Amino acid sequence: MTGALTGRRALVTGGASGIGAAIARAFVREGAQATILDRDRRAGEAMVGEYELAFIEADVADTENLRACIAAAGSFDILVNSAGVDQHAFFTATSPPEWRRWLAINLEAVFATTHAVLPAMQAARFGRLINIASEAGRRGSRGGSVYAAAKGGVIAFTKSMALENARYGITANVIAPGPIDTPMLRRAVAAGGERLLEGMKGATLLQRLGTPDEVAAAAVFLASDAAGYITGETLGVSGGMGIGT
Ligand SMILES: NC(=O)c1ccc[n+]([C@@H]2O[C@H](COP(=O)([O-])OP(=O)(O)OC[C@H]3O[C@@H](n4cnc5c(N)ncnc54)[C@H](O)[C@@H]3O)[C@@H](O)[C@H]2O)c1
């Protein structure tokens, strides 16, 4: 696709790294005016130096500030929630402050950004909500229980947004990545070792990691006019992990 998003205004949370950065780059290539929102100032400013996009420095867990930042940035046609943090601990080893933090970033922030952008989308009678969940949200996760619960919540919330907003011309869909080669995954492998990496590849039918660009291609499609009749869906970009090995 070229120019598939010409004139569209897009907000991508977590857009300074990994999947979110690949989506923001792809959106710019397709003609969108992209804004990335991230708590990592250095990485966000580096993106601004390299690509024609705007950067908002914010922590998505700080709901009030998040809403104010988005309101100040104006209206958006496309929202992608990609900001997220993973979990590598059995449930018995997690504390209430830890699980609240994971839920705040991985689930509640999706509520807050959606709440902030929806009124303008409804008024414009057009919108694309795209949330990055995870196959963990469909399958559960050993060592990632709260993460999986948050991502499962994102999937259910997105379906609800599809139901409530179809009449406004707004679609809402989820992308559920499998193991994607990003800084998040590389940090997990650095801590968990080569066996963890082989296990991740082995959990996919295609026996490899995915790339951030492969997720971005799905996001461009879902954001484009070509996906106008698709809503309430969860698209696995996971090398076939969704149907098991
Ligand atoms: N990489 C994978 O294998 C994989 C698999 C399934 C789902 N996902 C999901 O994809 C999304 C992107 O992950 P990634 O692999 O690109 O990770 P990443 O760590 O490379 O990028 C995540 C970005 O989110 C930002 N972020 C994190 N917490 C934030 C906060 N509180 N406020 C603002 N920004 C914040 C980080 O600064 C970073 O720029 C996440 O939602 C993740 O759960 C990733």
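How many residues does helix α6 have, and how far does the helix reach from its first C-alpha to its last? Helix α6 spans residues 145-165, has 21 residues and reaches 30 Å. That is close to the 30 Å expected at 1.5 Å a residue, the expected span being 1.5 Å times one less than the number of residues. Helices (H or I, at least four residues) and strands (E, at least two) are DSSP runs, numbered from the N terminus.

The model is predicted: local features need pLDDT of at least 70, side-chain atom pairs count only at pLDDT 80 or more, and totals for chains, interfaces and linings use all residues. Residues are numbered from 1 along each chain as its sequence is written, and side-chain values use heavy atoms, with hydrogens and water left out.

UniProt, in an unreviewed entry, places the feature "domain: Ketoreductase" at residues 8-183. UniProt positions follow the numbering used here, feature names are shortened, and annotations may be inferred rather than shown by experiment. Over residues 8-183 the chain is 50% helix and 19% strand. The end C-alpha atoms of this stretch are 28 Å apart.

Burial was assigned from relative accessible area (buried under 20%, exposed over 50%, partly exposed in between; 1.4 Å probe, protein chains only). Buried residues of α6 include Val-146, Tyr-147, Lys-151, Phe-157 and Asn-165. The buried residues of α6 pack against α4 (96-124), β5 (127-132), α5 (136-139), β6 and β7 (234-237). Asn-131 sits in strand β5. Asn-131 counts as buried because its relative accessibility is 4%. Contacts (heavy atoms within 4.5 Å) of Asn-131 include Val-154 and Thr-158, as well as Asn-81, Val-110 and Asn-173, not counting residues up to four places away in sequence. Asn-131 and Ala-148 are 17 residues apart in sequence and 14 Å apart in space, C-alpha to C-alpha.

Pro-179 lies in the loop between β6 (170-177) and α7 (183-192). Its relative accessibility is 11%, so Pro-179 counts as buried. Pro-179 touches Leu-185, Met-200, Thr-204, Leu-209, Gly-210 and Met-241, with residues up to four places away in sequence not counted. The C-alpha atoms of Pro-179 and Arg-208 are 8.3 Å apart, across 29 residues of sequence.

Leu-206 is in the loop between α8 (194-202) and α9 (212-223). With 55% relative accessibility, Leu-206 counts as exposed. Leu-205, Leu-206 and Ile-243 make a nonpolar surface patch of about 340 Å². Patches are made of residues with over 30% relative accessible area and no salt bridge; like charges are joined within 9 Å, and nonpolar side chains (Val, Leu, Ile, Met, Phe, Trp, Tyr) within 5 Å. Accessible areas come from the Shrake-Rupley method with a 1.4 Å probe; for residues, only the protein chains shown count as cover.

The structure holds seven salt bridges, each a side-chain nitrogen of Lys or Arg within 4 Å of a carboxyl oxygen of Asp or Glu. One of them joins Arg-8 and Asp-225 (3.2 Å, N to O). Arg-8 lies before β1 (9-13) and Asp-225 in the loop between α9 and β7, so the pair ties together parts that are 217 residues apart in sequence. Arg-8 is partly exposed at 21%, whereas Asp-225 is exposed at 53%. Arg-138 pairs with Glu-135, with the closest N and O atoms 3.0 Å apart. Arg-138 is partly exposed at 42%; Glu-135 is buried at 2%. Lys-201 and Glu-198 also form a salt bridge (3.7 Å, N to O). Lys-201 and Glu-198 are three residues apart in helix α8, so about one helical turn separates them.
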